[in-house]
Amino acid sequence: MKTITEPLSNPQQLKTRWEELKREYPKLRSRDAADQLGVSEAELIASVCDGVDVIRLTPHWEEIFMNLEPLGRLMALTRNASAVHEKTGLYRNVSFQGHAGLVLDEQIDLRIFHKRWGFGYAVPVRNPKGTLHSLQFFDRAGDAVHKIYLRDETKMDLYRQLIEQFRHSDQSPDITVSRQTDKHEYLSPDQIDKDLFLDAWAGLEDTHDFFPLLKKFNVDRTDALRLGRGRFTWKVSNRATDRMLHLASAEDVHIMVFVKNSGMIQIHSGPVQTIRKMDSWLNVLDQEFNLHLREDQIAESWIVEKPTKDGTVTSLELFDSEGEQIATFFGARKPGKPELESWRTITNQLKESEETE
């Protein structure tokens, strides 16, 4: 399939091109269609906004999330370029403070960075099995940050009421996205005082202190992992995730799976059971949790150890060729509890595949 590179002069032209693509590729997803057409997914969805079928929502993100619980069980979907995280449950215990929000249900576990969001739509997604009713949210660059799918058709009236409550006054197909071109400049590894940095790493008391550590030393995450190699980090085979998932499944080790993008982190805590490979995708296909991972886009895989008050916490972290995080895995744990020994056993086995370079 070739990407269409000619400029799209208006939403109507974009809508027409999308309809042509759908006729040629009926199973083509909106994200892939947007890539083919050279626009953001938000611009693509906006092109079919009519205030009747596809409805633009007001940017009252906090209030929308506060009103999701009555819709019952929903499917939450968060993705980036290389991973898709799908989880079914209730949007309960929703709170917002400053730049971030939380959803803390036993199943739906989210960290919401809503200040980065720009657009929201109610979108019917039609497929051969019927129509899925969804709420879709995009950042200011037009990239999807989170999608929510109705699972209980008896809640349709409540779903429609929510849409009407947060219907935007502007239902035109025109939107303006803003892509940030400036990229933060980090210090190069040879500019970092390695001993000072690693001593500070050794003094961590919580896993959440790691990001402030990177910020303090102005070091990129993958550069930090290289600086810590052999003491706190081990670069392992990019097949490590496949092995880890099969070990966790076979030994019933509960894990945590984090997938993030610019505006959302979505977390699964629990078992993984059904592991399947399909072409370049490595998949977890469980009843309440699905993970779809582009194994061919994993450029680096690292075992990472962080000291905490509760003992060492170990993760498996995946990065693409641009150094962006694809997904992160931990052993399931609660604050104040030590890491699962069964998880540590798995990560120690993964270290056997440490790469030498």
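**Reading strands and helices**

A: Let us begin with a hairpin: β5 is joined to β6 through 4 residues, and the model in which we read this is a predicted one.

Q: In which sense do β5 and β6 pair, and over how many bridges?

A: In general, the strands of a sheet pair through backbone hydrogen bonds, either parallel or antiparallel. Here β5 and strand β6, which covers residues 109–112, pair in the antiparallel sense over 4 bridges, and within this pairing Val103 has Leu110 of β6 as its bridge partner.

Q: What pairs with strand β4, and which residue of the hairpin of β4 and β5 takes a positive phi?

A: Strand β4, residues 94–97, pairs with β5 in the antiparallel sense, again with bridges to count, namely 4 of them. Gln97 stands opposite Ala100 in β5, and of the 2 residues between the strands in this hairpin, Gly98 takes a positive phi near 65°.

Q: Along strand β5, which side chains point to the buried face?

A: The side chains of β5, residues 100–104, alternate along the strand.

Q: What is the strand order in the open sheet of 9 strands, and which strands are at its edges?

A: The order is β1-β7-β8-β9-β2-β3-β15-β14-β13, with antiparallel pairing. The edge strands, each of which pairs on one side only, are β1 (55–56) and β13 (275–278). Within the sheet, strand β14 (residues 281–285) is joined by 5 bridges to strand β15 (residues 289–294), the two running antiparallel, and Leu285 has Asn290 in β15 as its bridge partner.

Q: Which strands does helix α5 lie across?

A: Helix α5, residues 156–165, lies across β1, β7 (117–127), β8 (130–139) and β9 (144–150), and runs at about 30° to β8.

Q: At what angle do helices α1 and α2 pack, and which residues make the contact?

A: Helix α1 (residues 11–24) and helix α2 (residues 30–37) pack at an angle of about 115°, their axes being 11 Å apart, and their crossing is right-handed. The contact is made by Leu14, Arg17, Trp18 and Leu21 from α1, together with Ser30, Ala33, Gln36 and Leu37 from α2. Sorted by class, the residues in this contact of α1 with α2 are 5 nonpolar, 2 polar and 1 charged.

Terms used:
Residues are numbered from 1 along each chain as its sequence is written. This is a predicted model: local features need pLDDT of at least 70, side-chain atom pairs count only at pLDDT 80 or more; totals for chains, interfaces and linings use all residues. Side-chain values use heavy atoms; hydrogens and water are left out. Two strands pair if DSSP finds at least two bridges between them. Contact means heavy atoms within 4.5 Å. Axes are lines fitted to C-alpha atoms, for helices over the stretch in contact, and angles run from 0 to 180 degrees between N-to-C directions. Buried means under 20% relative accessible area, exposed over 50%, partly exposed in between (1.4 Å probe, protein chains only). A crossing is left-handed if the near helix is turned anticlockwise from the far one by less than a right angle, and right-handed if clockwise. Ala, Val, Leu, Ile, Met, Phe, Trp, Tyr, Cys and Pro count as nonpolar, Asp, Glu, Lys and Arg as charged, and the others, Gly among them, as polar.
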